[in-house]
Amino acid sequence: MAQFALVIDLNTCVGCHACATNCKEWNTQGSFGPLSDYDPYGSEPSGVWYNRILTYETGEFPDVQVFHLPKSCLHCQDAPCVPVCPTGASYKREQDGIVLVNYDDCIGCKLCSWSCPYGCREYDEADKVMKKCTLCIDRIYDETLPPEHRKPACVLTCPARARFFGDIEDPDSEVYKMIKERNGFVLFPDMGTNPANHYMARTETKINIEEFEKHILKADNPLFLEVMKKHHTKNKEEVA
Amino acid sequence: MHPPLSLIFFFLTAGTSIGSFIFVYSILVLEIFGKGAGLPKDVILKLGAIQLVLIGLGAFGASFHLGHKLRAWKAIKRFRTSWLSREAVFSGAYGFTLLLFLVLYYFDASPYFIHLLGSLTLLLGILSGFSTAMIYASNEFVLEWNSSVTVIYYLLMYLMLGSSLMLYFSDLYGLPYTGAFIFLTFLFLTLGLGFRLAFNIRQFYIRRPTLNEALNLPHNRPVRVVDTGSTTDNYCTTEFYYKKGKELLSTIIPVAYLLTFVVPLFLVLYSWITGVGGHWIFGITFISLLAGSALERWCFFVEGNHVQNLFYGLYPEEGYRLRKGYMERKETKISLY
């Protein structure tokens, strides 16, 4: 059975928030909007976002690394938010595994958000219903769009190309291969939720500076002037 | 967790209604078997009216935590999987059968039908309380709640509220059950105190997840939150972490214990030992228990820590203290995969 999901490469994510911004821009005017803002021009602006980017630091100073974690609904294969919904407003589509909320049935009891270990559902105070990432279902099935644009807004906008979209159950898909070849991992694997969204692990790039410096002609090198003179002469001969 | 006041109100009203009905109907059942003198009809009807009003007020009050109150009827649709749906069905059915029971009792209908509806109301009331408790106890992402202690304590609270209200009315109407209800109130208060203490003590022994587990990182890598992506609070940081409540918790918990257990136990024991009764003593017992229970429920919510708080660095950090390898960081090459 198909399971659409996002795969996010933490190696290339630069934490620019473009995915979150474009997600908000698309979805606030799309079929599942608006994503309400509260006090947008005041001192305490807040609002509903489907996608939030969290930044973490690992290691001890000075050996630290900073990485960014874009976190939207993970469309869990065993979604704990679905069975707790008293009205059946939260549901998981059989054909593509996307977890959605039917706004007409949602009573705004917030129990689904209590049952999400990732904090990926947000209550819209203006619409009084629970909202969450839809994997841009109004884009990915829109046949009026060119095929290359039938992807979630966050994937299309990512300037670092850190986000990928596809069917993680299809062995021919790009995301399936990425997860398999690069050991894609999920958040909170012990919670039994079996998330569909995967992350590509960070890989450390090691550069041996000493070896690298051998190939750099530095000013304090005793051979510097000799090499420069030789280079200059050679250039002159070539011109002549 | 942010405490929803409407749910605390529902707990108090439904708890008093269902708890007192359990005792009223138990007295009627004992009467069938020739035990006890039963209850006068007017007392049953008065108590029944109070129970009916209370469950009605509770249902109305609970609707205030819903975004769309008029759609609340839709909550019956997922009875098969959702404890909230079951609670809605059972508490609604409890109110309905209670009304029918009182109507039949008022018109002196056949005892067969009265007891059929009475036993059904009793069953639905208990199932309603159990379903409400299971909403919290079945949530495996709030580890403080995710325990059978939550359910047992919740049902004991219903019995505490019910028995103390019945004690008051027993003394007020001069019924021959004052002694029995003094004992029952004492019993349920003591059991309740034991389970509330167990609930609190258990929190020190919960094996809590860490941020490393949330981010799927090895345990020996120190990780800290640098930025949560927004300059102000959002739904995740206000709904799942009540900052003001956390600050007040250490003050409120002792007050809640005092009003819920210490004052009622003292008054009930005083009356039991000295034999000095008076409905004002039992009235104060019930009021103290009611106020204490409201504070206790508030604490119950604030004490709950949702695991999603890990992503925001708002989860208790006890889990880190026994981590092996955390002190070996100088020997460990720290890198992210």
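Mentor: Start with Tyr56(A), which stands opposite Val225(B) in β1(B). This is a predicted model, where local features need pLDDT of at least 70, side-chain atom pairs count only at pLDDT 80 or more, and totals for chains, interfaces and linings use all residues. Residues are numbered from 1 along each chain as its sequence is written, with chains lettered from A and ligands numbered from 1 in the order in which they are written.

Trainee: In which sense do β4(A) and β1(B) pair?
Mentor: Antiparallel, over four bridges, with β1 of chain B covering residues 223-227. Strands pair if DSSP finds at least two bridges between them; a strand is a DSSP run of E, at least two residues, and a helix one of H or I, at least four, numbered from the N terminus.

Trainee: How many residues of chain A are in contact with chain B?
Mentor: 50, against 45 residues of chain B. Contact means C-beta atoms, placed from the backbone, within 7 Å. The largest share of chain A's side, nine residues, comes from β4(A).

Trainee: Switching topic, at what angle do α2 and α3 of chain B pack?
Mentor: About 155°, with the axes of α2 (residues 41-62) and α3 (residues 83-106) 10 Å apart. Axes are lines fitted to C-alpha atoms, for helices over the stretch in contact, and angles run from 0 to 180 degrees between N-to-C directions. So α2(B) is roughly antiparallel to α3(B); under 35 degrees is roughly parallel, over 145 roughly antiparallel, 65 to 115 roughly perpendicular, the rest oblique.

Trainee: Which residues make the contact?
Mentor: Among them are Leu52(B) and Ile55(B) of α2(B), and Leu98(B) and Leu102(B) of α3(B).

How values were computed:
Two residues are in contact if their C-beta atoms, placed from the backbone, lie within 7 Å.
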